[in-house]
Amino acid sequence: MNLVESRRGPGGSIAPRLLRRLLPRHALGDAIYAVLHYTWLQRRLPGRKHSGRLSDFILWSKFDGTFLDPLCQFVSDKAYARHFITAIVGEQYNAKAYQLLRSPQEVERMELTHFPCVVKPVHLSGQVLICHGPLDAESKNLVMSWMRRNYYLESREQHYKYLRPGVIVEEFVSDDGVSVPDDIKVFCFNGEPGFIHVDSGRFVRLTRNLYDTSWNRLPWTILLPTRKEDDPRPERLDEILEVARRLSAHFDFIRVDFYVTEKGIKVGELTNCPGSGGVHIRPREGEYALGRHLQRAD
């Protein structure tokens with residue numbers, strides 16, 4: 001049985017899709033779409049970039065040219081990000097890669113040779129296929145459809161604008177080959193971890209808890225419901241934070257995503273624009289509490 005996570009691009013309803021289609025594909029069009037999309041999600045107008053609210057900072061970065069930095073674009077490609085991770089912290093923090101396919105013809109001929117494994121597009125966000133056996137026709141069609149998608153056009157996130165389509169096949173990071181590990185995601189500001197959220201229940205019922213870097217529970221939510229139970233403090237939390245610190249030192253802001261199993265720590269990806277600039281934090285005072293870390297990114 002293969003498990004599919006296939007989140008739609010931001011603003012999947014008819015109005016946002018029509019708006020993306022009509023707006024010109026340049027900085028002004030991106031800015032108009034980003035502000036309208038943000039207002040729709042947040043139910044309020046955005047403030048200035050350094051208003052003290054985390055969502056405002058991420059929103060402005062989305063269209064002010066920040067994400068056109070070549071390094072932001074480089075690490076947005078999941079295949080190239082592996083090279084960055086290897087250069088900064090070492091190959092041991094990457095999951096094993098089995099195949100990298102860059103053309104529709106290669107994808108059409110793709111045959112999986114390691115199980116379980118993960119198949120995901122290098123140029124999109126939120127798409128993953130966990131395979132415990134060969135690809136059936138439906139799965140192959142899904143993977144082929146990824147090659148036709150342009151995530152910049154779906155989200156107007158500028159760091160995706162020039163990415164070349166591709167599909168990568170990696171090892172499935174799991175202790176037992178079946179269980180999906182939690183996602184430990186570290187929000188970093190100018191090279192220093194600020195706070196962490198832990199996503200559990202992927203493919204079942206996704207929930208999210210927030211912690212500070214000492215693993216104290218924080219009383220806010222970001223987009224998803226929380227769990228009543230606290231997550232156990234990772235035994236190698238200090239190592240996770242040090243890896244995040246080193247990887248984020250080259251960015252004003254970035255989120256470093258980890259999988260942690262008994263076999264070790266792996267970096268899943270580097271995320272420039274969480275929530276496509278519409279980070280939904282509740283209660284609202286959490287916007288400022290989490291945004292205080294932005295002083296490091298000023």
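Predicted model: local features only at pLDDT ≥ 70, side-chain atom pairs only at ≥ 80, totals over all residues.

Visitor: Is strand E3 largely enclosed by the rest of the structure or exposed?

Guide: Strand E3 covers residues 117-121. Cys 117, Val 119 and Pro 121 point one way, and Val 118 and Lys 120 point the other way. Five of the five residues are buried, so strand E3 is largely enclosed by the rest of the structure.

Visitor: Which residue in E4 is the bridge partner of Val 119?

Guide: E3 pairs with strand E4 (residues 127-131) in the antiparallel sense, over three bridges. The hairpin of E3 and E4 has five residues between the strands, and Gly 126 takes a positive phi near 85° there. In E4, the partner of Val 119 is Leu 129.

Visitor: Which residue in E5 is the bridge partner of Pro 121?

Guide: E3 also pairs with E5, in the antiparallel sense and over five bridges. Pro 121 has as its bridge partner in E5 Val 167.

Visitor: Which residue meets Lys 120 in a salt bridge?

Guide: Side chains of opposite charge can pair when their charged atoms come close. For Lys 120 the N to O distance in the salt bridge is 3.3 Å, and the partner is Glu 170. The pair links distant parts of the chain, 50 residues apart, with Lys 120 in strand E3 and Glu 170 in strand E5. Both ends are buried, Lys 120 and also Glu 170.

Visitor: Which strands are the edge strands of the open sheet of six strands?

Guide: The order of the sheet is E9-E8-E7-E6-E11-E12, with antiparallel pairing. An edge strand pairs on one side only, and here these are strand E9 (217-218) and strand E12 (264-271).

Visitor: Which residues are linked with Asp 56 in a network of salt bridges?

Guide: Asp 56 forms a salt bridge with Arg 44, with the closest N and O atoms 3.7 Å apart. Asp 56 lies in helix H3 (residues 54-63), and Arg 44 in the loop between helix H2 (27-42) and H3. Asp 56 counts as buried because its relative accessibility is 0%, and Arg 44 is buried at 14%. The network links Asp 56 with Arg 44, Arg 53 and Glu 287.

Visitor: Is Asp 175 buried or partly exposed?

Guide: Asp 175 sits in the loop between strand E5 (167-171) and strand E6 (183-189). With Asp 176, Glu 235 and Glu 262, Asp 175 gathers in a patch of negative charge on the surface. Its relative accessibility is 43%, so Asp 175 counts as partly exposed.

Notes:
Residues numbered from 1 in each chain as written. Heavy atoms only, no water. Patch = residues over 30% accessible without salt bridge, like charges linked within 9 Å, V, L, I, M, F, W, Y side chains within 5 Å. Areas by Shrake-Rupley, 256 points an atom, 1.4 Å probe, with all protein chains shown as cover. Salt bridge = Lys/Arg side-chain N within 4 Å of Asp/Glu carboxyl O. Lys, Arg positive; Asp, Glu negative; His and termini not counted. Charge placed at Lys NZ, Arg CZ, Asp CG, Glu CD. Helix = DSSP H or I, 4+ residues; strand = E, 2+ residues; numbered from the N terminus. Buried < 20%, exposed > 50% of the residue type's maximum accessible area, 1.4 Å probe, protein only. Pairing = 2+ DSSP bridges.
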